[in-house]
Amino acid sequence: MFKSNNLVARLFERQTRASTPGTNIHRARQLYENIVPSYTIYDVDCPDYSFRKFTEDGQYLISFSKNYQELIVYRPSWLSFSYFGEECDAHYLPSRANKFDSFFTQLYCVSLASTDEVICKDFFIYKESNQFGLFATSTSQLNNAVSTEGAVQGVPSIEKITFHLLRLEDGIMLDKRIFHNDFINLTHNVGVYLYDDLLAVVSLRYQIIHILQVRESGNLVDVRAIGEFCREDDELFLHSSAQYGTINDNNNQRQALANNNEGVPSSEHSMLSGIKQRLLSFIFRGIWNEEADEANRVQRLKKKFYCYFQYYVDLIMWKVQFLDRHHLLIKFGSVDGGVSRNADHHPAFFAIYSMEAAEFVAFYQVCLYQNSADELYFLLEKFADHFHISPNNSLHMKFISSHSNNHHAFEQLICLKNKSGSFSQFVKKTLGSLPFTCQSQSPSPYFDQSLFRFDEKLISATDRHRQSTDHPIKFTSRRQPKIPKFKIKPGPEAGNSDARAKKISSFLFHPILPLVISVQQTMFSQSSVVNIHFRK
């Protein structure tokens, strides 16, 4: 049914017509077709800060100082002004509209990093229920670090990584957690995942998943560490077994000496970690159960397990996410892929791990002797929301468009599938986004693909820098495809004078208000242009 483009008519329609049961939120979001950021203030006079993102509830704007030592938090306040007389729309905005503080009010500035540390500019996790913010600071990365006991060879080291938990309302520091001589991938929250009050931190260097709980009081409490040991009493059991083994070895040596034989001390052999042993055991049992005949079973094990045994042993954990409070989706791969900026060309394996049972319940691979990831792909195709939305997320977070909740996004996925020359390569590319990065997508209604169309090569809900263009990015109505609703143009109003310089843009969409910040930065230069797009 056609809906009026007049805002007053839409409001009256919403007030007088009852919506279909279960569609209240969808109908309320349709009002954004009439409320769009259609006006732009170019080259805003603003502080020389690095703007990170809006929080998911829209209460705060997170930014860092250019030297990445201080955290600056703003609250959106909107531009307000008045005119005397008629035809107010014909007047230009007041001169102070070009100032950043006309739209945002600074709440506080807090020093986070010590003298030898810097704030990780791409890392920030928000706990909406408590309005807690998790930030990270670190020292410089050492690529040729000396290998220590338990560390993976080839993984770089960072002398000190500090996680800071702050109450964003007033900037009070609540708790800290420090990791020494470790490596955690903090770029775009890759190595950390928040699910309700549970926090998973992946140590690439020591191959440990640290599970922490964020308490209501603001404390970070250790829950468990999954890696070398999987259960709380694993370490105690191994130490007691080692002591028993030492006593037996001493008795055997004394017996050999009594028999005039040469006593040879037992050599220590390095053991696989607990999680690696459980992974190998699950793979072995899966292949074992494929065949009932004993002879065929042995041949299958030789072909599928022992032939690739060392490859499985050398796998490391790349990334992890919660599926629920008890299950983790873990991505495995080679050491080179784990530290590479682009791991798309490296073979990957996916496993689902039960923390309660301390065992794997599923394993998928997209290389070697078979492609068993098709099942995982079809699960992702039908239940994508389950992979990246916590049940306790606020309502607006549950309406991020995906191919399982939006038929336009699903049609795009099917189109890409049909264009792909190989289904296995398409599956590998699609699963490359798993596990999903925590809080990596904007919940802004302007990215709702049931309302608007836009070029995802230039802009999308995913929190990433994009190569800048001099042409405006158009948002057109999904309901009326020929009607452009608004445009977002990063950079100067007159365009860039140096067309050869490479530029990147980032876009910060407010999750609720018709408000967007675009930042265009020239590569290898400190200069940047900040524009504010809003509804006048």
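## Overview

How many of the residues in the chain are buried? Buried residues make up 47% of the 536 in the chain, where buried means under 20% relative accessible area, exposed over 50%, and partly exposed in between (1.4 Å probe, protein chains only). This is a predicted model, in which local features need pLDDT of at least 70 and side-chain atom pairs count only at pLDDT 80 or more, while totals for chains, interfaces and linings use all residues. Residues are numbered from 1 along each chain as its sequence is written, and side-chain values use heavy atoms, with hydrogens and water left out.

The chain has eleven helices and 27 strands; these are DSSP runs numbered from the N terminus, with helices (H or I) of at least four residues and strands (E) of at least two. Take the contacts between residues at least 6 apart in sequence: 57% of them join residues at least 24 apart, a contact being heavy atoms within 4.5 Å. The accessible surface comes to about 27,900 Å², and carbon and sulfur atoms account for 51% of that. Such areas come from the Shrake-Rupley method with a 1.4 Å probe, and for residues only the protein chains shown count as cover.

## A five-stranded sheet

One place to look is an open sheet of five strands, which run in the order E1-E27-E26-E25-E22 with antiparallel pairing. Two strands pair if DSSP finds at least two bridges between them. At the edges sit strand E1 (39-41) and strand E22 (466-467), each pairing on one side only.

Strand E1 meets strand E27 (residues 528-534) in the antiparallel sense, over three bridges. To find this pairing on your screen, look for Ile41, which stands opposite Ile532 in E27.

## Salt bridges across the chain

Side chains of opposite charge can pair when their charged atoms come close. A search of the whole structure finds 13 salt bridges, each defined as a side-chain nitrogen of Lys or Arg within 4 Å of a carboxyl oxygen of Asp or Glu. One of them joins Glu33 and Arg479, with the closest N and O atoms 3.4 Å apart. This pair links distant parts of the chain, 446 residues apart: Glu33 is in the loop between helix H2 (24-29) and E1, and Arg479 is in the loop between strand E23 (473-477) and strand E24 (484-488). Glu33 counts as buried at 5% relative accessibility, while Arg479 is partly exposed at 27%.

Asp222 and Arg177 also meet in a salt bridge, at 2.6 Å from N to O. Asp222 lies in strand E15 (residues 220-226) and Arg177 in strand E11 (residues 172-182), so the pair ties together parts that are 45 residues apart in sequence. Here Asp222 is exposed, with a relative accessible area of 54%, whereas Arg177 is buried at 18%. Glu381 belongs to helix H8 (residues 374-382) and Lys417 to helix H10 (residues 407-419), and the two are 36 residues apart. Glu381 is buried, with a relative accessible area of 11%. Elsewhere, salt bridges that share partners join Glu290, Glu291, Arg300 and Lys304 into one network.

## Backbone details worth a look

Most residues other than glycine have a negative phi, and most peptide bonds are trans. Against that background, which residues join in a cis peptide bond? Leu434 and Pro435 do, with omega about -15°. Pro435 is in the loop between helix H11 (423-431) and strand E21 (452-453). The loop between H11 and E21 also holds Gln439, which has a positive phi of about 50° although it is not a glycine. Gln439 is buried, with a relative accessible area of 14%.

Asp196 is not a glycine either, and its phi is positive at about 55°. You will find Asp196 in the loop between strand E12 (192-195) and strand E13 (198-203), and at 18% relative accessibility it counts as buried.

From C-alpha to C-alpha, Phe309 and Phe284 are 9.8 Å apart in space, and 25 residues separate them in sequence.
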